[in-house]
Amino acid sequence: MERRIETERLILRPLQPGDARDVYEFAGDPRVNRFMPYALYTGIEQAHRWIASQGEDSDEFAFQLKSTGKVIGTGSVGLEEKDGLYHLGYNLNYDYWGRGYATEAARAMIRWAYECKGARDFSASRAVANTASGRVLEKCGFRPDHSGQYSKFDGSETFDALYYRLHLD
Ligand SMILES: CC(C)(COP(=O)(O)OP(=O)(O)OC[C@H]1O[C@@H](n2cnc3c(N)ncnc32)[C@H](O)[C@@H]1OP(=O)(O)O)[C@@H](O)C(=O)NCCC(=O)NCCS
């Protein structure tokens, strides 16, 4: 099944080796990394390694701007074996925030998972302080389900978090 989605302004597709520079641009930006669990990238080779690690069955999409070809973000909607929910996540290059791109990409990934994977129940989470991400989730139809906490993978910081659910018939 081809993993390619077209929206008004974006193409969502698997990551390619040539995307490393664009990925490093946001994965190495502390403003983007602030609430993300993964460590801030400190070199482009980390982007190369991450892209190379994506297998055929990866859930990760590159968000490519149709107008310029630039990859302005990445996201995924993947089945969590432990609870059977499709978990949604995304991050975007800081220069492109506030123009509806994350919402456009998130809606497209949800629709893709619904149509191509049979997904009906979705989950997502965000730091309480990450208001923009909460808006993206609400605009996609997610509703808060419960509170909790999560930590950076290296344990350096812990955030109060809100966990969301979305059910589609
Ligand atoms: C969260 C993120 C993906 C949003 O991307 P985006 O393309 O700017 O999102 P959109 O433009 O689609 O929507 C953002 C919404 O949040 C609102 N918003 C942005 N900053 C806000 C703030 N500080 N307070 C309240 N609302 C805010 C915007 O007004 C918009 O809502 P609206 O359409 O009702 O006006 C982006 O900020 C990002 O990559 N952050 C870093 C990574 C991250 O936190 N990922 C999510 C982890 S849960």
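Biologist: Is C116 buried, partly exposed or exposed?

Modeller: Keep in mind that this is a predicted model. Buried would need under 20% relative accessible area, and exposed would need over 50%. C116 comes out at 33% relative accessibility, so the label for C116 is partly exposed.

Biologist: And what about C140, buried or exposed?

Modeller: The cut-off for buried is under 20%. C140 has 13% relative accessibility, so C140 counts as buried.

Biologist: How many disulfides does a search of the whole structure find?

Modeller: Let's start with C116: the closest cysteine sulfur to its own is in C140, 17 Å off, which is too far for a bond. A disulfide needs the two sulfur atoms within 2.5 Å, and C140 is in no disulfide either. Searching the whole structure gives a count of zero.

Biologist: Over in helix α5, which residues are buried, and why do they line one face?

Modeller: Helix α5 covers residues 131-139. Looking down its axis, the buried residues fall within an arc of 160°, so they line one face of the helix. Those buried residues are S133, G134, V136 and L137.

Biologist: Which exposed residues sit on the face of α5 turned away from its buried side?

Modeller: Exposed takes over 50% relative accessible area. On that face of α5, the exposed residues are T131 and A132.

Note on methods
Residues numbered from 1 in each chain as written. Predicted model: local features only at pLDDT ≥ 70, side-chain atom pairs only at ≥ 80, totals over all residues. Heavy atoms only, no water. Buried < 20%, exposed > 50% of the residue type's maximum accessible area, 1.4 Å probe, protein only. Helix = DSSP H or I, 4+ residues; strand = E, 2+ residues; numbered from the N terminus. Arc of directions from axis to C-beta.
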